[in-house]
Amino acid sequence: MPGGRLTQQERQQIASGLADGLAYAEIARRLDRPTSTVTREVMRNGGPTAYRADLAHRATERRAHRRRQTAPRGPGTFPQAHGRDAEAVREYEEAFTTVLMASGMPKMMSRVMACLTLTDAGSLTASDLVQRLQVSPASVSKAITYLEEQAFVRRERDERRRERYVVDDDVWYQSMLASARALTQVIDVARQGVGVLGPATPAAARLENIARFLDFVSESTIRAAEQARAVLHTKPGTKPDAAAQARTGTDEGPAAPAPTREETPRAQAPR
(Lines give C-alpha, C1' and ligand atoms only; values in the text may rest on other atoms or scores of the structure.)
Protein backbone atom coordinates (compact mmCIF):
# COMPACT_ATOMS: atom_id res chain seq x y z
CA MET A 1 0.00 0.00 0.00
CA PRO A 2 1.29 3.50 -0.76
CA GLY A 3 2.78 5.52 2.05
CA GLY A 4 3.00 9.27 2.61
CA ARG A 5 0.32 11.85 3.18
CA LEU A 6 -3.03 11.79 1.48
CA THR A 7 -3.27 13.97 -1.60
CA GLN A 8 -6.05 16.45 -2.24
CA GLN A 9 -7.42 14.14 -4.94
CA GLU A 10 -7.53 11.25 -2.49
CA ARG A 11 -9.40 13.42 -0.01
CA GLN A 12 -11.93 14.27 -2.69
CA GLN A 13 -12.39 10.54 -3.32
CA ILE A 14 -12.94 10.02 0.40
CA ALA A 15 -15.59 12.75 0.43
CA SER A 16 -17.30 11.20 -2.60
CA GLY A 17 -17.24 7.78 -0.97
CA LEU A 18 -18.80 9.14 2.21
CA ALA A 19 -21.49 10.89 0.19
CA ASP A 20 -22.26 7.55 -1.51
CA GLY A 21 -22.56 5.82 1.86
CA LEU A 22 -19.48 3.63 1.42
CA ALA A 23 -17.81 2.02 4.44
CA TYR A 24 -14.30 3.15 5.41
CA ALA A 25 -12.91 -0.22 4.34
CA GLU A 26 -14.37 0.11 0.85
CA ILE A 27 -13.09 3.67 0.45
CA ALA A 28 -9.65 2.53 1.61
CA ARG A 29 -9.69 -0.37 -0.85
CA ARG A 30 -10.41 1.98 -3.74
CA LEU A 31 -7.56 4.24 -2.65
CA ASP A 32 -5.24 1.31 -1.97
CA ARG A 33 -4.72 2.68 1.54
CA PRO A 34 -5.07 1.10 5.00
CA THR A 35 -8.55 1.40 6.47
CA SER A 36 -7.04 3.04 9.55
CA THR A 37 -5.69 5.87 7.37
CA VAL A 38 -9.15 6.67 6.03
CA THR A 39 -10.79 6.32 9.46
CA ARG A 40 -8.25 8.63 11.06
CA GLU A 41 -8.55 11.18 8.24
CA VAL A 42 -12.33 11.37 8.52
CA MET A 43 -12.49 11.47 12.33
CA ARG A 44 -9.83 14.21 12.52
CA ASN A 45 -11.75 16.39 10.09
CA GLY A 46 -15.35 16.57 11.16
CA GLY A 47 -16.52 12.97 11.03
CA PRO A 48 -18.48 11.20 8.27
CA THR A 49 -21.31 13.73 8.13
CA ALA A 50 -19.19 16.90 8.12
CA TYR A 51 -16.06 15.86 6.23
CA ARG A 52 -14.99 18.24 3.43
CA ALA A 53 -11.97 17.48 1.28
CA ASP A 54 -10.83 21.10 0.83
CA LEU A 55 -11.05 21.94 4.55
CA ALA A 56 -9.33 18.69 5.51
CA HIS A 57 -6.48 19.38 3.11
CA ARG A 58 -5.95 22.91 4.41
CA ALA A 59 -6.10 21.71 8.01
CA THR A 60 -3.42 19.11 7.29
CA GLU A 61 -1.19 21.73 5.70
CA ARG A 62 -1.60 23.99 8.73
CA ARG A 63 -0.69 21.16 11.11
CA ALA A 64 2.38 20.30 9.05
CA HIS A 65 3.43 23.96 9.04
CA ARG A 66 3.10 24.19 12.81
CA ARG A 67 5.14 21.02 13.28
CA ARG A 68 7.94 22.45 11.16
CA GLN A 69 8.05 25.63 13.23
CA THR A 70 7.77 24.11 16.70
CA ALA A 71 9.48 21.30 18.55
CA PRO A 72 7.92 17.90 18.06
CA ARG A 73 5.26 17.09 20.64
CA GLY A 74 3.53 13.97 21.87
CA PRO A 75 4.73 10.42 22.51
CA GLY A 76 7.41 10.68 19.84
CA THR A 77 9.40 13.11 22.03
CA PHE A 78 9.67 10.66 24.92
CA PRO A 79 12.35 7.97 25.15
CA GLN A 80 10.95 4.64 24.01
CA ALA A 81 11.72 1.41 25.84
CA HIS A 82 12.46 -1.96 24.23
CA GLY A 83 13.96 -0.37 21.11
CA ARG A 84 10.62 0.94 19.86
CA ASP A 85 10.40 3.36 16.96
CA ALA A 86 9.13 6.62 18.50
CA GLU A 87 7.41 7.78 15.32
CA ALA A 88 5.72 4.40 14.83
CA VAL A 89 4.45 4.54 18.42
CA ARG A 90 3.09 8.07 17.84
CA GLU A 91 1.30 7.00 14.67
CA TYR A 92 -0.14 3.92 16.37
CA GLU A 93 -1.38 5.94 19.34
CA GLU A 94 -3.13 8.28 16.93
CA ALA A 95 -4.74 5.34 15.13
CA PHE A 96 -5.84 3.78 18.42
CA THR A 97 -7.34 7.10 19.51
CA THR A 98 -9.25 7.34 16.24
CA VAL A 99 -10.75 3.87 16.69
CA LEU A 100 -11.91 4.76 20.21
CA MET A 101 -13.51 7.93 18.85
CA ALA A 102 -15.25 5.94 16.12
CA SER A 103 -16.71 3.68 18.82
CA GLY A 104 -18.38 6.70 20.44
CA MET A 105 -15.83 7.84 23.02
CA PRO A 106 -15.24 11.65 23.01
CA LYS A 107 -11.96 12.89 21.57
CA MET A 108 -10.11 13.97 24.73
CA MET A 109 -11.24 10.88 26.62
CA SER A 110 -10.01 8.75 23.72
CA ARG A 111 -6.61 10.46 23.77
CA VAL A 112 -6.20 9.92 27.51
CA MET A 113 -7.36 6.29 27.27
CA ALA A 114 -4.96 5.53 24.42
CA CYS A 115 -2.07 7.24 26.21
CA LEU A 116 -2.63 5.23 29.40
CA THR A 117 -3.18 1.94 27.58
CA LEU A 118 0.06 2.17 25.61
CA THR A 119 2.31 2.73 28.63
CA ASP A 120 4.08 -0.35 29.95
CA ALA A 121 3.26 0.64 33.54
CA GLY A 122 -0.41 1.17 32.70
CA SER A 123 -0.51 4.28 34.88
CA LEU A 124 0.35 7.97 34.69
CA THR A 125 -0.10 11.05 36.86
CA ALA A 126 -2.08 14.09 35.80
CA SER A 127 1.14 15.99 35.12
CA ASP A 128 2.40 13.09 32.97
CA LEU A 129 -0.74 13.25 30.84
CA VAL A 130 -0.57 17.04 30.55
CA GLN A 131 3.02 16.81 29.34
CA ARG A 132 2.48 13.92 26.94
CA LEU A 133 -0.74 15.19 25.39
CA GLN A 134 0.08 18.93 25.58
CA VAL A 135 -3.33 19.78 27.03
CA SER A 136 -4.55 21.63 30.11
CA PRO A 137 -4.91 20.02 33.55
CA ALA A 138 -8.65 20.77 33.37
CA SER A 139 -8.95 18.75 30.16
CA VAL A 140 -7.19 15.79 31.78
CA SER A 141 -9.38 16.04 34.88
CA LYS A 142 -12.58 16.08 32.82
CA ALA A 143 -11.42 13.11 30.73
CA ILE A 144 -10.45 11.07 33.81
CA THR A 145 -13.82 11.76 35.45
CA TYR A 146 -15.60 10.45 32.35
CA LEU A 147 -13.37 7.37 32.02
CA GLU A 148 -13.73 6.57 35.72
CA GLU A 149 -17.53 6.74 35.46
CA GLN A 150 -17.34 4.23 32.60
CA ALA A 151 -15.01 1.99 34.68
CA PHE A 152 -12.17 2.39 32.18
CA VAL A 153 -9.69 3.77 34.74
CA ARG A 154 -9.20 3.80 38.50
CA ARG A 155 -7.26 6.09 40.83
CA GLU A 156 -4.56 5.12 43.28
CA ARG A 157 -1.78 6.77 45.30
CA ASP A 158 1.88 5.97 44.71
CA GLU A 159 4.68 5.95 47.27
CA ARG A 160 5.02 9.75 46.93
CA ARG A 161 1.28 10.20 47.62
CA ARG A 162 0.68 11.36 44.07
CA GLU A 163 -2.62 10.39 42.48
CA ARG A 164 -2.12 8.06 39.53
CA TYR A 165 -4.63 6.99 36.91
CA VAL A 166 -4.47 3.28 36.17
CA VAL A 167 -5.63 0.93 33.44
CA ASP A 168 -5.01 -2.68 34.42
CA ASP A 169 -5.76 -6.15 33.08
CA ASP A 170 -9.37 -5.96 34.28
CA VAL A 171 -10.27 -2.59 32.76
CA TRP A 172 -12.23 -3.97 29.79
CA TYR A 173 -13.96 -6.54 32.01
CA GLN A 174 -15.10 -3.90 34.49
CA SER A 175 -16.17 -1.54 31.73
CA MET A 176 -18.16 -4.29 30.03
CA LEU A 177 -20.01 -5.01 33.28
CA ALA A 178 -20.73 -1.32 33.84
CA SER A 179 -22.07 -0.97 30.31
CA ALA A 180 -24.28 -4.06 30.62
CA ARG A 181 -25.68 -3.05 33.98
CA ALA A 182 -26.38 0.48 32.76
CA LEU A 183 -29.00 -1.05 30.47
CA THR A 184 -31.12 -1.74 33.54
CA GLN A 185 -32.35 1.85 33.58
CA VAL A 186 -33.57 1.55 30.01
CA ILE A 187 -35.19 -1.80 30.81
CA ASP A 188 -36.96 -0.41 33.86
CA VAL A 189 -38.29 2.70 32.13
CA ALA A 190 -39.48 0.61 29.17
CA ARG A 191 -41.48 -1.63 31.50
CA GLN A 192 -42.90 1.40 33.28
CA GLY A 193 -44.18 2.54 29.91
CA VAL A 194 -46.12 -0.71 29.47
CA GLY A 195 -48.26 0.19 32.45
CA VAL A 196 -48.70 3.78 31.35
CA LEU A 197 -49.68 2.98 27.75
CA GLY A 198 -51.76 -0.11 28.52
CA PRO A 199 -50.61 -3.73 28.09
CA ALA A 200 -52.91 -4.40 25.14
CA THR A 201 -51.65 -1.52 22.98
CA PRO A 202 -49.09 -1.75 20.14
CA ALA A 203 -46.83 0.85 21.79
CA ALA A 204 -46.80 -1.09 25.07
CA ALA A 205 -46.02 -4.33 23.24
CA ARG A 206 -43.11 -2.60 21.53
CA LEU A 207 -41.76 -1.38 24.88
CA GLU A 208 -42.09 -4.84 26.44
CA ASN A 209 -40.15 -6.39 23.56
CA ILE A 210 -37.43 -3.74 23.97
CA ALA A 211 -37.20 -4.53 27.68
CA ARG A 212 -37.03 -8.29 27.08
CA PHE A 213 -34.37 -7.87 24.39
CA LEU A 214 -32.15 -5.58 26.48
CA ASP A 215 -32.61 -7.76 29.56
CA PHE A 216 -31.35 -10.77 27.61
CA VAL A 217 -28.42 -8.80 26.13
CA SER A 218 -27.43 -7.40 29.52
CA GLU A 219 -27.42 -10.75 31.33
CA SER A 220 -25.72 -12.52 28.42
CA THR A 221 -23.00 -9.87 28.30
CA ILE A 222 -22.33 -10.16 32.02
CA ARG A 223 -22.19 -13.95 31.79
CA ALA A 224 -19.85 -13.88 28.80
CA ALA A 225 -17.57 -11.33 30.48
CA GLU A 226 -17.33 -13.50 33.59
CA GLN A 227 -16.52 -16.59 31.56
CA ALA A 228 -13.91 -14.82 29.39
CA ARG A 229 -12.27 -12.82 32.17
CA ALA A 230 -9.30 -15.19 32.38
CA VAL A 231 -8.26 -14.20 28.86
CA LEU A 232 -7.27 -10.77 30.18
CA HIS A 233 -4.81 -12.42 32.57
CA THR A 234 -3.37 -14.96 30.15
CA LYS A 235 0.31 -14.74 29.34
CA PRO A 236 1.41 -15.39 25.75
CA GLY A 237 1.56 -19.12 25.12
CA THR A 238 -0.70 -19.93 28.07
CA LYS A 239 -4.21 -21.27 27.67
CA PRO A 240 -6.95 -19.12 29.26
CA ASP A 241 -8.22 -22.02 31.41
CA ALA A 242 -4.74 -22.47 32.87
CA ALA A 243 -4.58 -18.77 33.63
CA ALA A 244 -7.95 -18.99 35.39
CA GLN A 245 -6.69 -21.83 37.59
CA ALA A 246 -3.53 -19.89 38.39
CA ARG A 247 -5.59 -16.88 39.49
CA THR A 248 -8.04 -18.86 41.63
CA GLY A 249 -5.58 -21.47 42.88
CA THR A 250 -8.04 -24.25 42.03
CA ASP A 251 -8.84 -26.61 39.22
CA GLU A 252 -12.58 -26.74 39.75
CA GLY A 253 -13.37 -26.08 36.11
CA PRO A 254 -15.34 -23.22 34.56
CA ALA A 255 -16.35 -20.25 36.66
CA ALA A 256 -19.83 -20.15 38.13
CA PRO A 257 -22.53 -18.45 36.06
CA ALA A 258 -22.62 -14.68 36.31
CA PRO A 259 -25.10 -13.20 38.80
CA THR A 260 -28.41 -12.10 37.36
CA ARG A 261 -29.38 -8.50 37.00
CA GLU A 262 -31.31 -8.58 40.29
CA GLU A 263 -28.24 -9.87 42.19
CA THR A 264 -25.78 -7.24 40.96
CA PRO A 265 -25.49 -3.56 41.88
CA ARG A 266 -26.66 -1.17 39.28
CA ALA A 267 -24.32 1.23 37.52
CA GLN A 268 -25.13 4.71 36.40
CA ALA A 269 -26.01 5.12 32.77
CA PRO A 270 -23.23 6.53 30.57
CA ARG A 271 -23.31 10.31 30.26
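This section describes the strand pairing and the aromatic ring pairs of a predicted model. Residues are numbered from 1 along each chain as its sequence is written. Local features require pLDDT of at least 70 and side-chain atom pairs pLDDT 80 or more, whereas totals for chains, interfaces and linings use all residues, and side-chain values rest on heavy atoms, with hydrogens and water left out.

Three strands form an open sheet in the order E1-E3-E2, with antiparallel pairing (strands are DSSP runs of E of at least two residues, helices runs of H or I of at least four, both numbered from the N terminus; two strands pair if DSSP finds at least two bridges between them). Strand E1 (123-125) and strand E2 (154-157) are the edge strands, each pairing on one side only. E2 is joined to the antiparallel strand E3 (residues 163-166) by four bridges, and arginine 154 stands opposite valine 166 in E3.

Two aromatic pairs are present (rings of Phe, Tyr and Trp, the last by its six-membered ring, with centres within 6.5 Å; stacked under 30 degrees between planes, edge-to-face over 60, tilted for the rest). Tyrosine 92 and phenylalanine 96 are stacked, at 6.1 Å centre to centre and 10° between the planes. Both residues lie in helix H5 (residues 86-102), four residues apart. Tyrosine 92 is partly exposed at 49% relative accessible area, whereas phenylalanine 96 is buried at 18% (buried, under 20%; exposed, over 50%; partly exposed, in between; 1.4 Å probe, protein chains only).

The rings of phenylalanine 152 and tryptophan 172 have centres 5.1 Å apart and planes at 75°, so this pair is edge-to-face. It links distant parts of the chain, with phenylalanine 152 in the loop between helix H8 (137-149) and E2 and tryptophan 172 in helix H9 (residues 171-197). Phenylalanine 152 is buried at 11% relative accessibility, and tryptophan 172 is partly exposed at 39%.
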